[in-house]
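Reader: I would like to go through the labels given to this structure, one at a time. Please set each value against its cut-off.

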Amino acid sequence: MIYAFGSGSASSGNGGTVSITDVAGRTVQVPAQVNKVVGTGCSGREIVYLNASDKMVGIEQVETNFTGIGSTLPYIMAHPELMNLPVVGDGSKNIINYEEIAKLKPDVVFARSADDADLIQNKTGIPAVVVYTGAVGTSDQMDTYKKSLRVMGKVLGKEDRAEKLISYIDSTQKDLANRTKNISSSSKLTAYVGGQAYRGAHGITSTNPYYPPFVMLNASNVASAASNMANATSNAVQIDPEQLISWNPNFIFIEEASLASVTNDTSKNPEYNNLKAIKDGNVYGILSYCAYSYNKDEMFANAYYIGKVLYPEQFKDVDPEEKAGEIFTNFDIGNGASIYSSLKEKYGGFKQLNL
(Lines give C-alpha, C1' and ligand atoms only; values in the text may rest on other atoms or scores of the structure.)
Protein backbone atom coordinates (compact mmCIF):
# COMPACT_ATOMS: atom_id res chain seq x y z
CA MET A 1 0.00 0.00 0.00
CA ILE A 2 1.23 3.52 -0.82
CA TYR A 3 0.20 6.19 1.63
CA ALA A 4 -0.72 9.78 0.91
CA PHE A 5 1.67 12.09 2.68
CA GLY A 6 0.99 15.09 4.77
CA SER A 7 3.70 17.70 5.12
CA GLY A 8 6.10 15.13 6.55
CA SER A 9 7.47 17.95 8.66
CA ALA A 10 8.56 18.12 12.27
CA SER A 11 7.74 21.16 14.36
CA SER A 12 8.75 22.04 17.90
CA GLY A 13 6.18 21.12 20.51
CA ASN A 14 5.90 21.46 24.26
CA GLY A 15 7.67 19.34 26.83
CA GLY A 16 10.59 18.37 24.64
CA THR A 17 8.50 16.84 21.87
CA VAL A 18 8.09 17.45 18.17
CA SER A 19 5.11 16.88 15.92
CA ILE A 20 5.66 14.40 13.09
CA THR A 21 3.34 13.76 10.16
CA ASP A 22 3.93 10.13 9.24
CA VAL A 23 3.37 8.37 5.93
CA ALA A 24 -0.22 7.50 6.83
CA GLY A 25 -0.98 11.16 7.40
CA ARG A 26 -1.13 10.69 11.18
CA THR A 27 0.23 13.44 13.43
CA VAL A 28 2.35 12.02 16.22
CA GLN A 29 4.12 13.73 19.11
CA VAL A 30 7.54 12.17 19.58
CA PRO A 31 10.44 13.11 21.86
CA ALA A 32 12.70 15.77 20.40
CA GLN A 33 15.64 13.55 21.30
CA VAL A 34 15.17 9.88 20.43
CA ASN A 35 17.74 7.60 22.04
CA LYS A 36 15.90 4.28 21.97
CA VAL A 37 13.86 2.94 19.06
CA VAL A 38 12.13 -0.24 17.97
CA GLY A 39 11.38 -1.04 14.33
CA THR A 40 8.38 -3.31 13.74
CA GLY A 41 7.03 -4.48 10.40
CA CYS A 42 10.49 -4.96 8.87
CA SER A 43 11.58 -1.34 9.51
CA GLY A 44 14.79 -2.29 11.33
CA ARG A 45 16.52 -2.30 7.94
CA GLU A 46 15.87 1.38 7.40
CA ILE A 47 16.98 2.26 10.93
CA VAL A 48 20.35 0.74 10.01
CA TYR A 49 20.35 2.50 6.63
CA LEU A 50 19.98 5.77 8.55
CA ASN A 51 23.02 4.95 10.69
CA ALA A 52 20.94 4.65 13.86
CA SER A 53 21.61 1.02 14.73
CA ASP A 54 23.01 2.14 18.09
CA LYS A 55 19.53 3.38 19.03
CA MET A 56 17.84 -0.01 18.43
CA VAL A 57 16.74 -1.82 21.59
CA GLY A 58 14.84 -4.70 19.99
CA ILE A 59 14.65 -6.69 16.76
CA GLU A 60 12.15 -9.01 15.12
CA GLN A 61 12.31 -12.80 15.12
CA VAL A 62 13.40 -13.16 11.49
CA GLU A 63 16.32 -10.81 12.14
CA THR A 64 17.80 -13.27 14.65
CA ASN A 65 19.81 -16.40 13.94
CA PHE A 66 17.44 -18.43 16.10
CA THR A 67 14.69 -19.59 13.72
CA GLY A 68 15.59 -16.49 11.73
CA ILE A 69 17.77 -15.44 8.81
CA GLY A 70 19.68 -12.61 10.44
CA SER A 71 23.07 -13.76 9.19
CA THR A 72 21.86 -13.49 5.58
CA LEU A 73 20.36 -9.99 5.82
CA PRO A 74 22.98 -7.40 4.77
CA TYR A 75 21.97 -4.81 7.36
CA ILE A 76 22.25 -7.39 10.15
CA MET A 77 25.49 -8.76 8.69
CA ALA A 78 26.92 -5.24 8.93
CA HIS A 79 25.85 -5.00 12.60
CA PRO A 80 25.76 -8.55 14.02
CA GLU A 81 25.53 -7.18 17.56
CA LEU A 82 21.87 -6.45 16.82
CA MET A 83 21.12 -10.17 16.95
CA ASN A 84 21.72 -10.05 20.70
CA LEU A 85 18.79 -7.69 21.26
CA PRO A 86 15.41 -8.79 22.66
CA VAL A 87 12.78 -9.98 20.16
CA VAL A 88 9.77 -7.66 19.84
CA GLY A 89 7.69 -9.58 17.30
CA ASP A 90 7.72 -11.12 13.86
CA GLY A 91 6.89 -8.94 10.88
CA SER A 92 6.51 -11.97 8.60
CA LYS A 93 3.60 -13.17 10.75
CA ASN A 94 2.23 -9.74 11.68
CA ILE A 95 3.07 -10.40 15.33
CA ILE A 96 3.94 -7.53 17.68
CA ASN A 97 4.97 -8.26 21.27
CA TYR A 98 3.45 -5.27 23.04
CA GLU A 99 4.56 -6.43 26.49
CA GLU A 100 8.20 -6.68 25.42
CA ILE A 101 8.06 -3.27 23.75
CA ALA A 102 6.57 -1.72 26.89
CA LYS A 103 9.30 -3.34 28.98
CA LEU A 104 12.06 -1.98 26.72
CA LYS A 105 10.61 1.55 26.92
CA PRO A 106 11.77 2.88 23.53
CA ASP A 107 11.20 6.58 22.86
CA VAL A 108 9.39 5.74 19.63
CA VAL A 109 8.29 2.70 17.61
CA PHE A 110 8.14 2.49 13.83
CA ALA A 111 5.20 0.58 12.32
CA ARG A 112 4.12 -0.36 8.81
CA SER A 113 0.43 0.53 9.06
CA ALA A 114 -1.85 2.96 10.86
CA ASP A 115 -3.67 0.05 12.50
CA ASP A 116 -0.41 -1.35 13.88
CA ALA A 117 0.73 2.08 15.06
CA ASP A 118 -2.56 2.82 16.81
CA LEU A 119 -2.49 -0.54 18.60
CA ILE A 120 1.10 -0.01 19.71
CA GLN A 121 0.25 3.40 21.12
CA ASN A 122 -2.93 2.19 22.81
CA LYS A 123 -1.29 -0.87 24.37
CA THR A 124 2.07 0.64 25.40
CA GLY A 125 1.58 4.40 25.60
CA ILE A 126 4.65 4.81 23.36
CA PRO A 127 4.37 6.99 20.22
CA ALA A 128 4.34 4.98 17.00
CA VAL A 129 5.16 6.39 13.57
CA VAL A 130 4.03 4.75 10.32
CA VAL A 131 6.79 4.33 7.72
CA TYR A 132 7.08 2.70 4.29
CA THR A 133 9.67 -0.01 3.73
CA GLY A 134 8.04 -1.97 0.91
CA ALA A 135 8.57 -2.52 -2.80
CA VAL A 136 10.01 0.24 -4.99
CA GLY A 137 9.16 -1.07 -8.45
CA THR A 138 7.09 1.96 -9.45
CA SER A 139 8.00 5.64 -9.35
CA ASP A 140 5.25 6.29 -6.79
CA GLN A 141 6.64 3.57 -4.53
CA MET A 142 10.16 4.96 -4.80
CA ASP A 143 8.95 8.50 -4.08
CA THR A 144 7.07 7.22 -1.05
CA TYR A 145 10.14 5.35 0.14
CA LYS A 146 12.33 8.44 -0.06
CA LYS A 147 9.75 10.52 1.78
CA SER A 148 9.56 7.82 4.44
CA LEU A 149 13.33 7.93 4.88
CA ARG A 150 13.02 11.66 5.54
CA VAL A 151 10.30 11.06 8.15
CA MET A 152 12.46 8.46 9.87
CA GLY A 153 15.47 10.74 9.65
CA LYS A 154 13.58 13.51 11.43
CA VAL A 155 12.41 11.18 14.18
CA LEU A 156 15.89 9.76 14.71
CA GLY A 157 17.79 13.04 14.43
CA LYS A 158 19.39 11.70 11.24
CA GLU A 159 18.15 14.25 8.71
CA ASP A 160 21.58 14.69 7.14
CA ARG A 161 22.06 10.96 6.80
CA ALA A 162 18.62 10.59 5.20
CA GLU A 163 19.48 13.24 2.61
CA LYS A 164 22.85 11.65 1.94
CA LEU A 165 21.27 8.24 1.39
CA ILE A 166 18.53 9.67 -0.84
CA SER A 167 21.18 11.53 -2.85
CA TYR A 168 23.07 8.25 -3.32
CA ILE A 169 19.87 6.50 -4.43
CA ASP A 170 19.13 9.33 -6.88
CA SER A 171 22.63 9.29 -8.36
CA THR A 172 22.54 5.50 -8.71
CA GLN A 173 19.18 5.59 -10.47
CA LYS A 174 20.47 8.34 -12.76
CA ASP A 175 23.63 6.41 -13.61
CA LEU A 176 21.68 3.27 -14.51
CA ALA A 177 19.22 5.25 -16.64
CA ASN A 178 21.97 7.16 -18.45
CA ARG A 179 23.82 3.99 -19.35
CA THR A 180 20.78 2.46 -21.02
CA LYS A 181 18.82 5.46 -22.31
CA ASN A 182 20.02 5.13 -25.91
CA ILE A 183 19.27 1.42 -26.32
CA SER A 184 16.53 1.11 -28.89
CA SER A 185 13.43 -0.93 -28.24
CA SER A 186 14.10 -3.08 -31.26
CA SER A 187 17.51 -4.14 -29.95
CA LYS A 188 16.42 -4.91 -26.39
CA LEU A 189 16.77 -8.49 -25.25
CA THR A 190 13.92 -9.87 -23.18
CA ALA A 191 14.53 -10.73 -19.55
CA TYR A 192 12.78 -12.58 -16.75
CA VAL A 193 13.41 -12.90 -13.02
CA GLY A 194 12.50 -16.27 -11.51
CA GLY A 195 12.49 -17.55 -7.96
CA GLN A 196 11.37 -14.16 -6.71
CA ALA A 197 11.24 -14.60 -2.97
CA TYR A 198 8.23 -13.45 -1.01
CA ARG A 199 7.57 -14.82 2.46
CA GLY A 200 10.05 -17.57 1.61
CA ALA A 201 11.70 -19.16 -1.40
CA HIS A 202 9.74 -20.03 -4.54
CA GLY A 203 10.17 -21.81 -7.85
CA ILE A 204 10.91 -20.51 -11.31
CA THR A 205 7.35 -19.30 -11.91
CA SER A 206 7.54 -16.78 -9.04
CA THR A 207 8.31 -13.47 -10.71
CA ASN A 208 7.89 -9.70 -10.55
CA PRO A 209 6.18 -7.59 -13.24
CA TYR A 210 7.76 -4.50 -11.66
CA TYR A 211 11.22 -5.88 -10.92
CA PRO A 212 13.16 -2.69 -10.05
CA PRO A 213 16.51 -3.55 -11.71
CA PHE A 214 14.70 -4.14 -15.01
CA VAL A 215 12.80 -0.88 -14.56
CA MET A 216 15.96 1.11 -13.80
CA LEU A 217 17.81 -0.47 -16.74
CA ASN A 218 14.96 0.12 -19.21
CA ALA A 219 15.09 -3.63 -19.81
CA SER A 220 12.29 -5.56 -21.49
CA ASN A 221 10.68 -7.56 -18.67
CA VAL A 222 8.47 -10.25 -20.23
CA ALA A 223 6.53 -10.50 -16.96
CA SER A 224 5.29 -6.93 -17.33
CA ALA A 225 2.41 -8.58 -19.17
CA ALA A 226 1.28 -9.84 -15.76
CA SER A 227 1.14 -6.34 -14.26
CA ASN A 228 -2.64 -6.59 -13.92
CA MET A 229 -2.43 -9.48 -11.47
CA ALA A 230 -3.55 -8.86 -7.89
CA ASN A 231 -0.90 -7.16 -5.71
CA ALA A 232 1.54 -7.19 -8.63
CA THR A 233 3.15 -3.91 -7.60
CA SER A 234 3.91 -5.01 -4.05
CA ASN A 235 4.33 -8.80 -4.04
CA ALA A 236 5.78 -11.55 -6.17
CA VAL A 237 3.25 -13.10 -8.56
CA GLN A 238 2.88 -16.73 -9.53
CA ILE A 239 2.44 -17.46 -13.22
CA ASP A 240 1.56 -20.68 -15.03
CA PRO A 241 4.48 -22.69 -16.44
CA GLU A 242 2.89 -22.45 -19.87
CA GLN A 243 3.06 -18.67 -19.63
CA LEU A 244 6.82 -18.67 -19.06
CA ILE A 245 7.29 -21.06 -21.95
CA SER A 246 5.17 -18.76 -24.13
CA TRP A 247 7.18 -15.69 -23.15
CA ASN A 248 10.44 -17.58 -23.87
CA PRO A 249 12.83 -14.86 -22.61
CA ASN A 250 16.36 -14.35 -23.90
CA PHE A 251 17.77 -14.08 -20.37
CA ILE A 252 16.65 -15.51 -17.04
CA PHE A 253 17.88 -14.26 -13.67
CA ILE A 254 17.33 -16.38 -10.57
CA GLU A 255 17.24 -15.12 -6.99
CA GLU A 256 19.72 -17.54 -5.45
CA ALA A 257 17.89 -17.87 -2.13
CA SER A 258 15.30 -19.75 -4.22
CA LEU A 259 17.80 -21.67 -6.36
CA ALA A 260 17.02 -25.06 -4.81
CA SER A 261 13.30 -24.58 -5.50
CA VAL A 262 13.99 -23.42 -9.04
CA THR A 263 16.29 -26.37 -9.74
CA ASN A 264 13.63 -28.71 -8.40
CA ASP A 265 11.13 -27.15 -10.84
CA THR A 266 13.36 -27.49 -13.89
CA SER A 267 14.44 -31.04 -13.06
CA LYS A 268 10.83 -32.20 -12.78
CA ASN A 269 9.61 -30.30 -15.84
CA PRO A 270 11.83 -31.06 -18.85
CA GLU A 271 9.76 -28.72 -21.02
CA TYR A 272 11.67 -25.84 -19.44
CA ASN A 273 14.76 -27.08 -21.26
CA ASN A 274 13.26 -25.65 -24.45
CA LEU A 275 13.40 -22.12 -23.09
CA LYS A 276 15.78 -20.03 -25.16
CA ALA A 277 17.61 -18.68 -22.12
CA ILE A 278 18.30 -22.18 -20.81
CA LYS A 279 19.31 -23.59 -24.20
CA ASP A 280 21.68 -20.66 -24.81
CA GLY A 281 23.18 -20.74 -21.33
CA ASN A 282 21.84 -17.30 -20.47
CA VAL A 283 20.72 -18.01 -16.91
CA TYR A 284 22.35 -16.03 -14.11
CA GLY A 285 22.27 -15.96 -10.32
CA ILE A 286 21.46 -12.76 -8.43
CA LEU A 287 20.94 -11.68 -4.84
CA SER A 288 17.53 -11.69 -3.15
CA TYR A 289 15.74 -8.36 -3.48
CA CYS A 290 12.95 -9.62 -1.24
CA ALA A 291 14.09 -11.35 1.94
CA TYR A 292 12.21 -10.13 4.99
CA SER A 293 10.77 -7.24 3.02
CA TYR A 294 12.80 -5.48 0.35
CA ASN A 295 16.57 -5.13 0.40
CA LYS A 296 17.29 -1.94 -1.52
CA ASP A 297 21.03 -2.52 -1.32
CA GLU A 298 20.79 -5.94 -2.97
CA MET A 299 18.36 -4.49 -5.49
CA PHE A 300 20.87 -1.90 -6.72
CA ALA A 301 23.73 -4.40 -6.68
CA ASN A 302 21.62 -6.72 -8.85
CA ALA A 303 20.90 -3.88 -11.26
CA TYR A 304 24.58 -3.38 -12.05
CA TYR A 305 25.20 -7.08 -12.54
CA ILE A 306 22.12 -7.48 -14.74
CA GLY A 307 23.19 -4.40 -16.69
CA LYS A 308 26.62 -5.96 -17.23
CA VAL A 309 24.99 -9.15 -18.55
CA LEU A 310 22.40 -7.50 -20.82
CA TYR A 311 24.46 -4.54 -21.98
CA PRO A 312 28.18 -5.39 -21.64
CA GLU A 313 29.31 -2.40 -23.70
CA GLN A 314 27.37 0.11 -21.59
CA PHE A 315 28.73 -1.45 -18.38
CA LYS A 316 32.26 -2.29 -19.53
CA ASP A 317 33.75 -0.08 -16.79
CA VAL A 318 31.78 -1.81 -14.02
CA ASP A 319 33.00 -4.68 -11.88
CA PRO A 320 29.68 -5.90 -10.40
CA GLU A 321 31.27 -7.38 -7.28
CA GLU A 322 33.22 -4.20 -6.51
CA LYS A 323 30.08 -2.15 -7.18
CA ALA A 324 28.11 -4.39 -4.82
CA GLY A 325 30.67 -3.71 -2.10
CA GLU A 326 30.32 0.03 -2.63
CA ILE A 327 26.52 -0.19 -2.49
CA PHE A 328 26.48 -2.26 0.70
CA THR A 329 28.90 0.19 2.33
CA ASN A 330 26.72 3.17 1.43
CA PHE A 331 23.49 1.56 2.64
CA ASP A 332 24.55 -0.51 5.63
CA ILE A 333 27.41 1.55 7.10
CA GLY A 334 29.62 -1.53 7.24
CA ASN A 335 32.25 -3.40 5.27
CA GLY A 336 30.41 -3.73 1.98
CA ALA A 337 33.00 -5.98 0.34
CA SER A 338 32.76 -8.38 3.27
CA ILE A 339 28.95 -8.39 3.07
CA TYR A 340 29.00 -9.32 -0.61
CA SER A 341 31.71 -11.92 -0.01
CA SER A 342 29.61 -13.57 2.71
CA LEU A 343 26.50 -13.59 0.50
CA LYS A 344 28.55 -15.06 -2.34
CA GLU A 345 29.90 -17.80 -0.07
CA LYS A 346 26.40 -18.71 1.11
CA TYR A 347 24.42 -18.42 -2.13
CA GLY A 348 26.89 -18.25 -5.01
CA GLY A 349 26.90 -14.56 -5.83
CA PHE A 350 26.80 -13.14 -9.34
CA LYS A 351 27.45 -15.99 -11.75
CA GLN A 352 26.17 -17.97 -14.69
CA LEU A 353 23.94 -20.89 -13.72
CA ASN A 354 23.38 -24.26 -15.30
CA LEU A 355 19.73 -25.24 -14.94
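Reader: In what sense do β10 and β14 pair, and over how many bridges?

Author: This is a predicted model. β10 and β14 pair in the parallel sense, over four bridges. The cut-off for pairing is at least two bridges, so the two strands count as paired. Within this pairing, Y192 stands opposite I252 in β14.

Reader: Which other strands belong to the sheet, and in what order?

Author: The sheet is open, with five strands in the order β12-β10-β14-β15-β16 and mixed pairing. β14 is joined to strand β15 (residues 283-286) by four bridges, and the two run parallel. There F253 stands opposite Y284 in β15. β10 also pairs with β12 in the parallel sense, over two bridges. At least two are needed, so that pairing counts. T190 stands opposite S220 in β12.

Reader: Why is strand β14 called mostly covered?

Author: Strand β14 spans residues 251-255, and five of its five residues are buried. Buried means under 20% relative accessible area. F251, F253 and E255 point one way, I252 and I254 the other, and all are buried. In a regular strand the side chains alternate between the two faces of the sheet.

Reader: How many aromatic pairs are there, over the whole structure?

Author: The search finds 14 aromatic pairs.

Reader: Why is the pair of Y192 and W247 called tilted?

Author: The ring centres are 6.4 Å apart and the planes stand at 50°. Centres within 6.5 Å make a pair; planes under 30 degrees apart would be stacked and over 60 edge-to-face, so the rest are tilted. The angle of 50° makes Y192 and W247 a tilted pair.

Reader: What does this pair tie together?

Author: Y192 lies in strand β10 (residues 190-194) and W247 in helix α8 (residues 241-247), so the pair ties together parts that are 55 residues apart in sequence. Both Y192 and W247 are buried.

Reader: What makes Y211 and F214 edge-to-face?

Author: Their planes are at 75°, with the ring centres 5.0 Å apart, so the pair is edge-to-face. The cut-off for that label is over 60 degrees. Y211 and F214 are both buried. They belong to one aromatic cluster, which also includes F251, F253 and Y284.

Reader: How do you know that the charged end of K123 sits over the ring of Y98?

Author: The charged end of K123 is 5.3 Å from the centre of the Y98 ring. The distance limit is within 6 Å, and the charge must also lie within 35 degrees of the ring normal. K323 is placed over the ring of Y304, with its charged end 4.8 Å from the centre.

Reader: What is the volume of the largest cavity, and which residues line it?

Author: The largest cavity has a volume of about 40 Å³. A cavity was counted at 30 Å³ or more, and the count comes to one. Its lining includes A135, N208, Y289 and Y294. The lining divides into five nonpolar, six polar and no charged residues.

Reader: And what about the largest pocket: what is its volume, and what lines it?

Author: The largest pocket has a volume of about 930 Å³. It is lined by 43 residues, with C42, R112, Y198, Y292 and S293 nearest its centre. The lining of this pocket divides into 20 nonpolar, 17 polar and six charged residues.

How values were computed
Residues are numbered from 1 along each chain as its sequence is written. This is a predicted model: local features need pLDDT of at least 70, side-chain atom pairs count only at pLDDT 80 or more; totals for chains, interfaces and linings use all residues. Side-chain values use heavy atoms; hydrogens and water are left out. On a 1 Å grid over the protein atoms alone, a cavity is a set of points where a 1.4 Å probe fits but cannot get out, and a pocket is an open set with protein on both sides within 12 Å along at least five of seven lines; lining residues have an atom within 4 Å of a point. Grid points are joined across faces, edges and corners, and a volume is the space filled by probe spheres set on the points. Ala, Val, Leu, Ile, Met, Phe, Trp, Tyr, Cys and Pro count as nonpolar, Asp, Glu, Lys and Arg as charged, and the others, Gly among them, as polar. Rings of Phe, Tyr and Trp (its six-membered ring) pair if their centres lie within 6.5 Å; planes under 30 degrees apart count as stacked, over 60 as edge-to-face and the rest as tilted. Buried means under 20% relative accessible area, exposed over 50%, partly exposed in between (1.4 Å probe, protein chains only).
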